[in-house]
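Here is a walk through one model, from its packing to its pocket and its charged pairs. Have the viewer open as you read.

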Amino acid sequence: KNLAKPYIEMDPANAAAILTELGASDMPMVINLIGAMKADTAAEIISSMEPKFAAELMKKLADQKIGN
C-alpha cells in the first residue's frame, strides 16, 4: 500500500497518465498498485485512463481475482 500512496494522493488524471506509461512496461506492477487502493480511489484513476488501457487493466484485475 505504501507504494500506491503517491498515486492515491495525486490528481487522478495525473496518476492515470503515469500508471498508463508504467503499464506499457510493467502491467503487473500497475495491477498491484491499483489493487492496493480503495475501490473509489482506483475507480477515479481508472476512469481517467484511455478506455483501451483501462479495459485491459480491468480484465487483468478480474482474471487475478478469479485466479486465471
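Contact here means heavy atoms within 4.5 Å. With that in hand, a word on the source: this is a predicted model, where local features need pLDDT of at least 70 and side-chain atom pairs count only at pLDDT 80 or more, while totals for chains, interfaces and linings use all residues. Residues are numbered from 1 along each chain as its sequence is written, and side-chain values use heavy atoms, with hydrogens and water left out.

**The core**

Let's start with Ile34. Leaving out neighbours within four places in sequence, Ile34 is in contact with Leu19, Ala42, Ile45, Ile46, Leu57 and Leu61.

Ile34 also belongs to the largest nonpolar core, a set of 19 residues. A nonpolar core is a set of buried Ala, Val, Leu, Ile, Met, Phe, Trp, Tyr and Cys residues joined through side-chain atoms within 4.5 Å. As for the word buried, it means under 20% relative accessible area, with exposed being over 50% and partly exposed in between (1.4 Å probe, protein chains only). The members that touch the most other members are Leu19, Ile34, Met37, Ile45, Ile46, Met49 and Leu57. Which elements give two or more residues to this core? They are α2 (12–25), α3, α4 and α5, and α3 gives the most, with five residues. Helices are DSSP runs (H or I, at least four residues) and strands are too (E, at least two), numbered from the N terminus. In soluble globular proteins, nonpolar side chains tend to be buried together.

Not counting residues up to four places away in sequence, Ile46 touches Ile34, Ala54, Leu57, Met58 and Leu61. Take Met58 from that list: Ile46 and Met58 are 12 residues apart in sequence, and their C-alpha atoms are 8.6 Å apart in space.

The other one is Ala42, again in helix α4. Is Ala42 buried or exposed? At 7% relative accessibility, Ala42 is buried. Setting aside neighbours within four places in sequence, Ala42 is in contact with Ile34 and Met37. Between Ala42 and Leu61, 19 residues apart along the chain, the C-alpha separation is 12 Å.

**The largest pocket**

On a 1 Å grid over the protein atoms alone, a cavity is a set of points where a 1.4 Å probe fits but cannot get out, whereas a pocket is an open set with protein on both sides within 12 Å along at least five of seven lines; lining residues have an atom within 4 Å of a point. Grid points are joined across faces, edges and corners, and a volume is the space filled by probe spheres set on the points.

The largest pocket holds about 190 Å³ of space. Its lining has 13 residues, and those nearest its centre are Ile34, Gly35, Ala42, Leu61 and Lys65. Helices α3 (27–35), α4 (39–47) and α5 (51–66) are the elements that give two or more residues to the lining. The top contributor is α5, with five residues. By type, the lining splits into nine nonpolar, two polar and two charged residues.

**Salt bridges**

Side chains of opposite charge can pair when their charged atoms come close. A salt bridge is a side-chain nitrogen of Lys or Arg within 4 Å of a carboxyl oxygen of Asp or Glu. How many salt bridges does the structure hold? Two, and here they are:

| Pair | Closest N to O distance |
|---|---|
| Lys5 and Glu9 | 3.3 Å |

Lys5 and Glu9 are about one helical turn apart because they lie four residues apart in helix α1 (residues 5–9). Lys5 is partly exposed at 45% relative accessibility, and Glu9 is exposed at 59%. In helix α5, Asp63 and Lys59 are likewise four residues apart, about one turn of the helix. Asp63 is partly exposed at 21% relative accessibility, while Lys59 is exposed at 52%.

Notes. Nonpolar A, V, L, I, M, F, W, Y, C, P; charged D, E, K, R; others polar.
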